[in-house]
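This report is meant for a reader new to the structure. Please look through the sequence and the model before reading on.

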Amino acid sequence: MHQEKIETIKSAIVLADAQNQDELEAYRLKFISKKSVVGELFAEIRNIPNEQKKEYGQLVNEVKQLADNKFQELIDKVNAASKKAKSMDLDLTLPATYIPVGGIHPLTATRQRIIEIFERIGFNLSEGPEIEDDWHNFTALNFPENHPAREMQDTFFIEKNPDIALRTHTSSVQVRVMESHKPPIRTLSPGRVYRNEAISARAHCIFHQVEGLYVDENVGFADLKNTLYHFAKEMFGRETKVRFRPSFFPFTEPSAEIDISCLLCGGKGCNVCKGSGWVEIGGSGMVDPNVLENCGIDSKKYTGFAFGMGIERIAMLKYQIKDLRLFTENDVRFLKQFRSLL
Ligand SMILES: [Zn+2]
């Protein structure tokens with residue numbers, strides 16, 4: 001009779017399970033506590049005849065041992081499960097944490113794009129100082145003594161030494177490259193330049209230029225045109241047209257200003273191109289023989305072309321930016337719009 005009851009309890013213990021604290025407590029109440037079925041088995045001892053007490057006692061102790069062992073096993077199991085659940089306590093439906101990502105400044109991106117285009121057709125990169133002497137910025141470039149660009153309104157001179165100035169163009173790097181290298185020379189010089197001008201939507205005292213120089217035997221104006229056609233199409237798109245307008249620069253002869261067809265109206269005329277259908281991107285020409293000679297290059301043997309373009313100008317045309325000052329104001333609302341560049 002007792003035997004049968006004990007066996008039933010034992011199999012119930014073996015089959016018992018718990019997934020959480022509540023089920024663990026239910027197990028404790030059923031098999032461990034004083035009022036549990038096991039507790040009742042102990043209470044029963046007093047009704048057992050004396051000669052059977054020892055045997056009964058052993059059986060009940062076995063049940064208690066079994067119940068205790070199982071209880072510990074279930075505690076361990078529930079604890080391990082809750083630990084694991086805690087480590088995976090992620091709500092995958094929550095919005096992701098926003099990590100702001102910076103971007104490349106539109107001028108840096110434009111400069112980089114210009115470099116890429118010219119590097120692919122064999123131009124290397126060269127740099128020069130932003131604080132220049134008169135020779136590299138003016139004299140070697142064939143600027144006559146009384147040229148207006150030398151006057152105070154255009155150039156930032158060092159007060160105590162009129163021979164030193166902040167360079168007004170990247171053409172000074174041409175001179176440095178020609179002085180230190182023998183032709184063939186094919187080089188691109190991007191950099192910052194300075195002019196003593198009032199800051200407005202269209203002018204700034206600090207801006208960026210990129211200078212190109214190609215000196216070799218038999219370099220002609222056709223090479224200059226083809227190089228700049230290539231650049232304009234790569235930079236602004238296949239449909240872009242280029243025109244050269246006769247102009248004057250002291251360091252090139254002949255000289256031409258470079259216009260491209262207006263990107264906004266495609267040449268029909270709009271307020272960006274002031275109705276002409278064309279916008280200017282820079283100046284160019286064949287290097288004046290005097291400049292070659294000033295730099296120690298034989299002008300009978302070698303010819304060359306040079307061009308200079310404003311990086312701000314190109315970025316403004318490409319991205320339809322109307323005010324030059326935006327580039328230096330560091331307004332994130334403006335800069336954010338270029339986050340996808342490069
Ligand atoms: Zn237009």
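Predicted model: local features only at pLDDT ≥ 70, side-chain atom pairs only at ≥ 80, totals over all residues.

Residues are numbered from 1 along each chain as its sequence is written, and side-chain values use heavy atoms, with hydrogens and water left out.

An open sheet of 7 strands runs in the order E1-E5-E6-E10-E9-E8-E7, with mixed pairing. Its edge strands, E1 (124–125) and E7 (242–249), each pair on one side only. Strands are DSSP runs of E of at least two residues, helices runs of H or I of at least four, numbered from the N terminus; two strands pair if DSSP finds at least two bridges between them. Over 10 bridges, E5 (residues 185–194) and E6 (residues 206–216) pair in the antiparallel sense. Arg192 has His208 in E6 as its bridge partner.

The zinc ion has as protein donors (N, O and S atoms within 2.8 Å of the metal, or 3.2 Å for Na, K and Ca) the SG atoms of Cys262, Cys265, Cys270 and Cys273, which lie 2.2 to 2.3 Å from it. Along the chain these donors follow the spacing C-x2-C-x4-C-x2-C. Cys262 and Cys273 both lie in the loop between E8 (252–261) and E9 (278–287), so the pair ties together parts that are 11 residues apart in sequence.
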